[in-house]
There are 2 protein chains.
Amino acid sequence: MADSSEPEATAPSRRALIGWGGAGLALGAVAVGGAVAVTRADEDMDPAGASAGAAVDFHGTHQAGIATPVQDRLHFAAFDVTTDDRAAFVAMLRDWTEAARRMTAGHAVGEGAYGGLAEAPPDDTGEALGLKPSRLTLTIGFGPSLFERFGLAGKRPDALIDLPKFAGDNLDRNRSGGDLCIQACSDDPQVAVHAIRNLARIGFGKVVIRWSQLGFGKTSSTTPDAQTPRNLMGFKDGTRNIAGTETARLRKFVWVDEKDGPAWMEGGSYLVARRIRMHIETWDRTSLQEQEDIFGRDKGEGAPVGKAKERDEPFLKAMLPDAHVRLAHPDSNHGATLLRRGYSFTDGTDGLGRLDAGLFFLAYQRDVRKGFVQVQRNLATDALNEYIQHVGSAVFAVPPGVRDKDDWWGSTLFSEEA
Amino acid sequence: MADSSEPEATAPSRRALIGWGGAGLALGAVAVGGAVAVTRADEDMDPAGASAGAAVDFHGTHQAGIATPVQDRLHFAAFDVTTDDRAAFVAMLRDWTEAARRMTAGHAVGEGAYGGLAEAPPDDTGEALGLKPSRLTLTIGFGPSLFERFGLAGKRPDALIDLPKFAGDNLDRNRSGGDLCIQACSDDPQVAVHAIRNLARIGFGKVVIRWSQLGFGKTSSTTPDAQTPRNLMGFKDGTRNIAGTETARLRKFVWVDEKDGPAWMEGGSYLVARRIRMHIETWDRTSLQEQEDIFGRDKGEGAPVGKAKERDEPFLKAMLPDAHVRLAHPDSNHGATLLRRGYSFTDGTDGLGRLDAGLFFLAYQRDVRKGFVQVQRNLATDALNEYIQHVGSAVFAVPPGVRDKDDWWGSTLFSEEA
Ligand code: HEM
Ligand code: HEM
């Protein structure tokens, strides 16, 4: 079984594989894993590279999509549960797992995408047929409200708190919360959109999409040697992120371990999602100096104030007291460190001629209280706040990985043994 | 001067070029054009291919972005004019042209993206620095309402009609119309979003974005040998489209010629944009047979009813009378033929748990009356209508290409001589 922080790669086309079994292929890929992981780092530098069509192994100790090198595009959906039938819900989780296993390996959801019964709806909606797996990862999370159902109350992790209200929050209920989430990341947006849609379809009658978000470009990278992507403020983002290969830091800051509890979360993590609108037009009229002061880094190279290179250690005291990097840095937060995995979004205009654009912030951590809550509280005085507003918010417990082809999403939570 | 239907390619990185002049490079690329045009067709088959970072020449008889092989992503914006000062508006068109020339060649908008005066806002917003040109094309169009301004009333083309109301229309004013439009197509969405944003910024005080649309995946291809993309209904789309290389058909159906008039539109075209929402969830519960009957083609291969292969000639009488392809085919429309260049969109959910997704339909034609209006009227009885709804609409006169580095967008319309 492969650890998903070292993803395996194969590049079958969905067309070629139609009708094959999914799991066999995904497991078969393990054999070539080592060499391919190296290719991945390059790929992140050049997402248009020839190997961008590869598959990431769905199975592992941890879910893929966290330490996995960040793919170019995102479709994220939060779902609400609409059934009280625990068995039906668990059956859906098993069906979702099988579909996710197939789709991440580059297959259609079922055998009958186009060759099935003419009288029945096709098993797969079809728009991804012929497309490569494109490093698709599907990551599931359970929201606090899920634990009010199905007799799960006693299983809610202490670390899965309801987020407090933060200074400046202007949250839209319709873009917040959710009993469940699926994060679909891929280098091809059609592959990510297809995956969410087919899971929604399988979940019909049991779950309904509460809100969803398309992310057109990754911001934070988790591959430090790659070219750092830029966010919509034009700054390199993710420079001092946790890299997917830093096993020790992942263990320290991202993965839940046995001491943390509850047992069903071991190997899992916690996800905070924040839709952060940027006041793009105001930002674009701000001087270069002011922009750089706000972050505490220069815009071209991304170097911290007073330093020459992007990767140079930030010297926090050289920055203004309200600089974003100064306030967000672990040294200002009792060591708190997040794995950031956000995406830029643009959702048309707001009726006032302004782009509805910004950062869909995604951060993984071992404990929400010591991670996001600590840092976000410290950002109350952030100079950046004049140019941004948090308009959506959600938090999820992300269970451990699906171990093998007999395992399923949520098995540790829903199995009677656990 | 190169005809933009045979785009030229080079692949500089925005980083490498910062501070260089834009026009020199764009013109320099002409020399290598022939060989590269061949590469383009392949590229369309494999958009993740190594040459996907190339530049498309901005200059030509026709604007790029029409006959140009369809790029993977779209950002489309409609603008309203907010000034009565004709000279200021023309100056903006010149500034836009210069910015478009630079951005399509892979440069930042100005020389002072990061090296400029610290006290001034940067010339370029910066998020595309380091990214390749990614086949960016920028195409401008003038809406009917523009001709009510600036003394242009006498110059409005007869072919630029206000679209009539069609059966089933449910148009949202806030997603319709516009004095101007810019279609930005690129293989990298960040490049397309960056381009629109920087044009909006340059236009500050003269124009304001009325609405905008992100298209995450191309539907219609204009390269017949490439793998045909699939729309969100899972069907291959663009099979019987006009190819960018079919010079005779382009002349017949797409490019305005001297006999058509007005003179300022010669070499131009007309664009109809329709935001078409799909009732995805209903569609996904429809049987394969019914889906195939509705289009008159099979879902897997895309072959017309009774035929074996996608490219086989459709035999219309074998299709149901209300099949989409039967009703849209030139033989049912006095020969009317459109160049389709639409994109799939997903804009979150609609508050009822349904994806707000569909087709952002873009079609170019020589005369809107004989093109879109003819076909759309004929689609009044289309079986597809049960699953779709037109929710946005706009029409634009797309002027001829910018001929060389001294020419500018709209010169034929705004020059006193014209
Ligand atoms: C639109 C909103 C935001 C923007 C544009 C933004 C941008 C940036 C940029 C450009 C950097 C410097 C490069 C890097 O090390 O990644 C940075 C660093 C960082 N940001 Fe943000 N950020 C935003 C919101 C947030 C939020 C909400 C949090 C967490 C609550 C956060 C946490 C961090 C952390 C932990 C660092 C690294 C600090 C260090 O270790 O030096 N950011 N951000
Ligand atoms: C969501 C809405 C639509 C969908 C999903 C759709 C889908 C399709 C598909 C799958 C084909 C067959 C493959 C091909 O030749 O491209 C097709 C053909 C075509 N469609 Fe549509 N279409 C839509 C709306 C429209 C509209 C609004 C028009 C124009 C008013 C249009 C005009 C055409 C034309 C001209 C053809 C080619 C017919 C032929 O020459 O055989 N379509 N469409």
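Modeller: Donors are taken here as N, O and S atoms within 2.8 Å of the metal (3.2 Å for Na, K and Ca), and because water is not among the atoms, sites may look incomplete. This is a predicted model, in which local features need pLDDT of at least 70 and side-chain atom pairs count only at pLDDT 80 or more, while totals for chains, interfaces and linings use all residues. Residues are numbered from 1 along each chain as its sequence is written, chains are lettered from A and ligands numbered from 1 in the order in which they are written, and side-chain values use heavy atoms, with hydrogens and water left out.

Biologist: Which residue is the only protein donor of the iron atom of ligand 2?

Modeller: In chain B the residue concerned is found in helix 9, residues 324-328. Its NE2 atom stands at 2.1 Å from the iron, and the residue is His324(B).

Biologist: What area is buried between chain A and chain B?

Modeller: The contact (heavy atoms within 4.5 Å) takes 65 residues from chain A and 66 residues from chain B. Buried area is the accessible area (1.4 Å probe) that two parts lose on being put together, summed over both. Carbon and sulfur atoms give 56% of this area, which is about 4800 Å².

Biologist: Which residue of chain B meets Asp284(A) in a salt bridge?

Modeller: A salt bridge requires a side-chain nitrogen of Lys or Arg within 4 Å of a carboxyl oxygen of Asp or Glu. Between the two chains the count is 2 salt bridges. In the one formed by Asp284(A), the N to O distance is 2.7 Å and the partner is Arg197(B).

Biologist: Is Thr137(B) buried or exposed?

Modeller: Thr137(B) lies in strand 2 of chain B, residues 137-142. Not counting residues up to four places away in sequence, Thr137(B) touches several residues, including Val56(B), Thr104(B) and Cys185(B). Buried means under 20% relative accessible area, exposed over 50%, and partly exposed in between (1.4 Å probe, protein chains only). With a relative accessible area of 1%, Thr137(B) is therefore buried.

Key. Helices (H or I, at least four residues) and strands (E, at least two) are DSSP runs, numbered from the N terminus.
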